[in-house]
Amino acid sequence: MSKTYKIAVIPGDGTGPEVIGEGCKVLDAAAKRFGFKLETVSYDLGGTRYLRTGETLTDATLDELRGFDAIYLGAIGHTDIKPGILEKGVLLKLRFELDQYINLRPVKLYPGVECPLKGKGPKEIDYCVIRENSGGLYTGIGGLSRQGTRDEVAVQQMMYTYDQVARCLRYAFDYARKYGRKARGIGEHNTLALVGKSNVLTYMYELWNRVFAEIGAEYPDVKREYYHVDATCLYMVACPEMFDVVVTENMFGDIITDLAAITQGGLGVAAGGNINPQGVSMFEPIGGTAPMWTGKNAINPIAAIGAGAMMLTALGEEAAGLAIEAAIAQTTPAMKSQMANQMGFTTTQLGDRIASLVAG
Ligand code: IPM
Ligand code: MN
C-alpha cells in the first residue's frame with residue numbers, strides 16, 4: 001500500500017498563495033512518480049484573515065495542526081498591520097508551540113544563478129546553516145520602564161537553557177555526520193562550525209562552547225570549528241567555500257541567513273525548514289509576501305518549490321526530494337534572473353516546467 005502524508009498548507013498573504021500553488025503542483029508530480037500520496041488541507045491564516053476576523057492563530061487551529069505530518073507555508077505579512085502582530089501571532093507562535101527548534105537553511109547556488117560574489121560558483125556556495133529556532137532573544141523576555149523620561153530603560157534578554165543548546169548541537173552534529181562534505185563524497189572532512197561571539201557574550205558562549213566540545217566528543221568523524229559572527233559575515237562573502245555545516249543561535253542565524261540568501265541568488269531561491277525532529281515540521285520560502293508582485297504571475301516560485309523538496313526529504317521521501325532539486329538545477333540555467341518579473345518565465349511556467357521534469 002502506498003504511503004499517505006497529511007500536509008497542512010498555509011498559503012498566507014501576498015504572493016504566498018501563488019508560490020505555494022506551484023509548489024503543490026511539483027509535490028503532486030513527485031508523489032505520482034515516487035508512489036506516495038499527499039493529502040492536503042488548506043488553512044486560511046495571515047494578515048488578510050486577521051484584518052477580516054481579528055484572529056491570528058487560535059489554539060483550536062494549533063491543535064488541528066498538531067495532527068499533520070508537516071506544514072507547507074507560503075508567506076505571512078500585511079503592510080496595514082503593525083510589525084510584530086503577525087510575526088508573534090502566527091509565524092513565531094507556530095515555531096514555538098510546535099517546538100520547531102531547528103531552522104534549517106541550505107545555502108546552495110544552483111547552476112546559472114547569478115551570484116554577487118566575484119569568482120564564486122555552485123562549487124563554492126554549497127553549505128548549510130542550522131539556526132537555533134526556539135530561544136535566545138526570540139524568547140521574548142524583557143520590558144520597558146520609566147517610559148517617556150530620559151531614564152527610560154529597554155531590556156530584551158538573550159537566554160538559553162542547557163537543554164536548548166544541547167538538542168540544537170546534537171541535531172547539528174547528526175546533520176554534519178549525514179550530510180557533511182565527506183558524507184557527500186566531495187571533501188576530506190565533515191565539518192561543523194559553531195558561530196557565536198565568545199569575546200563579548202562570555203556567559204552565553206561559555207555554555208555553547210562547553211556543550212559543543214562535550215557533544216562533539218561523541219562525533220570523532222565531525223571536525224569542529226568556531227568563528228565569531230562578525231568574522232563569519234566576512235568569510236561568507238570572501239570565502240564561502242570554507243563552510244560545510246554551520247550552527248548558530250537564533251538571532252545570529254536570522255541575520256547571517258539573509259546574507260547567505262543573497263549569495264545564492266536571493267529570496268526567490270532560498271528555502272528553509274522549521275524542524276521538530278520528533279514532531280510536526282514546517283517548510284517555507286525564506287522570503288516575504290512581496291506585495292508589489294501579488295497577482296501578477298511574476299514572482300519566483302523556486303524557493304517555495306525548494307522548501308517542498310526539503311519537506312519530502314524530511315518525511316523520508318529522499319529520492320523525491322532529490323528529484324525536485326535536480327529539476328530545479330535543470331531549470332535555473334534557462335532563467336534570465338531570479339528576480340520577480342525578470343525571470344524570462346512566469347510563475348506558472350516555472351512551476352509547469354519543474355513539475356514536468358519531476359514527472360520524468
Ligand atoms: C525569518 C524571518 C522571521 C524571523 C520574522 C518574520 C519573525 O525574518 O524567518 O528569518 O525573524 O525569524
Ligand atoms: Mn529573517
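Guide: The domain bounds used here come from an automatic or database domain assignment. The model itself is predicted. On that assignment, domain 1 is made of residues 1-102 + 280-360, and domain 2 covers 115-264. Taken over C-alpha atoms, the centres of domain 1 and domain 2 are 25 Å apart.

The contact between them involves 10 residues of domain 1 and 12 residues of domain 2. Together the two domains bury about 1,000 Å² between them, and carbon and sulfur atoms give 56% of that area. On the side of domain 1, the residues that lose the most area to domain 2 are Phe96, Tyr101 and Ile102, which together account for 57% of what that side buries.

Polar and charged pairs also cross the interface. Between domain 1 and domain 2 there are 4 residue pairs in polar contact, counting pairs with both residues at pLDDT 80 or more. The largest share of the side of domain 1 that touches domain 2 comes from helix 4 (residues 85-97), with 3 residues. Sorted by class, that side of domain 1 holds 5 nonpolar, 2 polar and 3 charged residues.

Salt bridges between domain 1 and domain 2 number 2. Side chains of opposite charge can pair when their charged atoms come close. Glu318 and Lys178 form a salt bridge in which the closest N and O atoms are 3.6 Å apart.

The surroundings of ligand 1 can be described next. The residues around ligand 1 are Glu87, Leu91, Arg95, Arg105, Arg131, Tyr138 and Asp254. For Arg95, a polar side-chain atom is 2.7 Å from an oxygen atom of ligand 1. Arg105 likewise places a polar side-chain atom 2.9 Å from an oxygen atom of ligand 1. In the side chain of Asp254, an N or O atom is 2.9 Å from an oxygen atom of the ligand.

One salt bridge joins the side chains of Asp352 and Lys25, with an N to O distance of 2.6 Å. This pair links distant parts of the chain, 327 residues apart: Asp352 sits in helix 11 (residues 347-359) and Lys25 in helix 1 (residues 16-34).

Key
Residues are numbered from 1 along each chain as its sequence is written. Chains are lettered from A and ligands numbered from 1 in the order in which they are written. This is a predicted model: local features need pLDDT of at least 70, side-chain atom pairs count only at pLDDT 80 or more; totals for chains, interfaces and linings use all residues. Side-chain values use heavy atoms; hydrogens and water are left out. Contact means heavy atoms within 4.5 Å. Buried area is the accessible area (1.4 Å probe) that two parts lose on being put together, summed over both. A salt bridge is a side-chain nitrogen of Lys or Arg within 4 Å of a carboxyl oxygen of Asp or Glu. A polar contact is a pair of N or O atoms within 3.5 Å; within protein, one must be able to donate a hydrogen and the other to accept it, and residues adjacent in sequence count only if both atoms are side-chain atoms. Helices (H or I, at least four residues) and strands (E, at least two) are DSSP runs, numbered from the N terminus. Ala, Val, Leu, Ile, Met, Phe, Trp, Tyr, Cys and Pro count as nonpolar, Asp, Glu, Lys and Arg as charged, and the others, Gly among them, as polar. A residue is near a molecule or strand if one of its heavy atoms lies within 4 Å of it.
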